[in-house]
Amino acid sequence: MRSKKSISIKEIARLSGVSVATVSRVINNNGRFSEETRKKVMDIINKFNYQTNMVAKSLRTSKSNIIGVIVPDITNEFFAGLVLAIESYCFPKGYSVFVCNTNEDDMKESAYFTDLASKGVDGLIYISGKRDKISKESDFSNTPIVCIDRKPDIGDDVVHITSDNYKGGVIATETLIEKGCRDILILKDYRGLSTVNMRYLGYKDALKKHNIQLREELIADVKVNFDSARNVVKDLIEKKVRFDGIFACTDWLAMGAIAALKESNISIPEKVKVIGFDNISISKYSHPSISTIEQDRNELGRTAARALLNIIEHGTKEEMNLVLPVKLILRETT
């Protein structure tokens, strides 16, 4: 009995009574053939469990059907959601997704660029806060790239997909103001990433619009984790810095702030109101539950994947800078 793994395209053609070229067209779903022909060929393929040799195919077509995704922290729920949305969009269209988790490490990121280039990926979705990185990676000079969420300085010809971080900053700050807050502390990433810069600009413009003076002691640059936010807020409380609202630029920062307020017996939202950003699951299940600005990470991922496949398959670019809307989610902290 013939091994299911040994059958070739030539043998598939012979057994199904068609030409090798027709088998190739059916496999690649490319060109003209009847439904009857497709069924005959697919019956033989399924019977013998034929699998395309993707290495050989990539050599013939200069196409690997592999998408690279560089992500800074796959343990972060927001980034994990983006990757899942990208994979869910690409897989049904015949593309495998190769995920590279850099852990915010420059050397690891550079190594992954080299690795992805050597694999001949058809395109790259890049999620990073590093500046001038891709422009220095010559192996990717002719590879389609879509940046998502953050916007490194890598040139004007790269598609960038992001949420409306500026509008999110305005909405968060104005919501606190409308609920009576006048002294609003902002907790933001110390690295000055483009996303956070836009949230901060929205915060400043909202204060200005409502004739509230910007106070330097209420601008806190922190590491983006629970402990950093908790420690900074506790320190401000101990120093008796006056604030009645907190705009945390991520939900984890909001969680840290809430912990500090609880430990200091400051009631939420009666004495201090809190708004986070991202709407990850902890914001819903926290006690009290956290008001937040929702980014639609599913739509971010799908939009980035669609934009990249449009470039790969049709050579067409959507609008270079796509900004997706955000939404206010009101919960117990306000």
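Pro269 sits in the loop that runs between helix H10 (251-263) and strand E9 (273-278); helices here are DSSP runs of H or I with at least four residues, strands are runs of E with at least two, and both are numbered from the N terminus. The peptide bond from Ile268 into Pro269 is cis, with omega near 10°. This is a predicted model, where local features need pLDDT of at least 70, side-chain atom pairs count only at pLDDT 80 or more, and totals for chains, interfaces and linings use all residues. Residues are numbered from 1 along each chain as its sequence is written, and side-chain values use heavy atoms, with hydrogens and water left out.

There's another cis bond, joining His287 and Pro288, with omega about -5°. Pro288 is in the loop between helix H11 (281-285) and strand E10 (291-294).

Buried means under 20% relative accessible area, exposed over 50%, and partly exposed in between (1.4 Å probe, protein chains only).

How many helices and strands does the protein chain have? There are 12 helices and 12 strands. Of its 334 residues, 49% count as buried. Taking contacts (heavy atoms within 4.5 Å) with a separation of 6 or more, 70% come from residues 24 or more positions apart.
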